[in-house]
Amino acid sequence: MGYSRRVVDLFLRLWPLTHVLKRWSSNPLIGKAFSPFLGERIFQATFVPVAEEVPIVGSSPLPLEALRRLVITSSHRFIYHNCICRTQESCQRYPRDFGCIYLGDAAAHLHPSLGRLATVEECLEHVERGADLGLVGMVGRLWTDAVALGVLRQFPRFLVICFCCDCCCLVRTDMKGAGPELKAAIKRISSLSVEVGESCVGCGTCAETCFVGAISIREGRAHVDDDACKGCGRCVQVCPQGSLRIKLDEEDRLWRELLERVGPALGLGKRHEPG
């Protein structure tokens, strides 16, 4: 069994250090020292823009469908009672009691004081609510989470779906000034891209909002740097003109890419499909 809330709260006293470490990561020497801790076996973070619908005939809107499949195929599901990031940052914009979903065998070992084991239906409703709240979906595996929760032994089968806000998220805040190694550890789903429409007036709202600074204003229009973009879709949500949209190259490629990246944490092969 993992750690109780009392023990987890002791670990969370170190939270202020996360801001310091992200700032320090911009130093070339410190950034390189961080590199061993940012490998895919230790740190994975992939954003899935659940609040944006990319309709596919006969299916739930993608990319929401990708998270639905992860929930269905997981061996265990655990809904955390609160969002650690929003609680630690005293969030004023989004509900602090709306937490993450932990998936995989590790979820069965989380302490009941932290949340509850949940059914597929409960988790699917949770995902839908995250989309309705306008939060950004993130699928990840962070070694530090497993340590703080007391499930390090189960880390090979550890996965989390987070519902992130711009103001508090551990992976989204302070990132414009973070080092390149830390930014590169956040992997974009390559089949997703952001397209700028003709109605763009270059107001700069998207550029100000982008958490990694992947958008600039050139000749009165927004320009998205595909190499820097993390595919979170937040810019699409905030554009006052509705000029930006999520583009999906191939309807099932998103799922295949996500499965290749995080499937091993759920014991899934590349060809696995939910029933």
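The largest cavity in this predicted model has a volume of about 100 Å³. It is lined by 14 residues. Closest to its centre are C210, I215, C229, C232 and C235. By class, the lining of this largest cavity holds nine nonpolar, two polar and three charged residues.

A probe the size of a water molecule, rolled over the atoms, shows where empty space is left.

Turn now to the second largest cavity. Its volume is about 70 Å³. The residues that line this second largest cavity include C200, C203, C206 and C239. Also in its lining are V201, I217, A222 and L244. G202, G204, Q241 and S243 line the second largest cavity as well. The lining divides into eight nonpolar and four polar residues, with no charged ones. The lining of the largest cavity, by contrast, has three charged residues.

How far can the coordinates be trusted? The protein chain averages a pLDDT of 87. Of its residues, 89% score at least 70. Over residues 55–61, however, the pLDDT is below 50. In the model, that stretch has seven contacts beyond near neighbours in sequence. Residues 270–275 also stay under 50. For residues 270–275 the model has 13 contacts beyond four places in sequence. Where pLDDT is low, predicted coordinates should not be read in detail. Keep that in mind when looking at residues 55–61 and residues 270–275.

Technical notes
Residues are numbered from 1 along each chain as its sequence is written. This is a predicted model: local features need pLDDT of at least 70, side-chain atom pairs count only at pLDDT 80 or more; totals for chains, interfaces and linings use all residues. Side-chain values use heavy atoms; hydrogens and water are left out. pLDDT is the predictor's confidence in each residue, from 0 to 100. Contact means heavy atoms within 4.5 Å. On a 1 Å grid over the protein atoms alone, a cavity is a set of points where a 1.4 Å probe fits but cannot get out, and a pocket is an open set with protein on both sides within 12 Å along at least five of seven lines; lining residues have an atom within 4 Å of a point. Grid points are joined across faces, edges and corners, and a volume is the space filled by probe spheres set on the points. Ala, Val, Leu, Ile, Met, Phe, Trp, Tyr, Cys and Pro count as nonpolar, Asp, Glu, Lys and Arg as charged, and the others, Gly among them, as polar.
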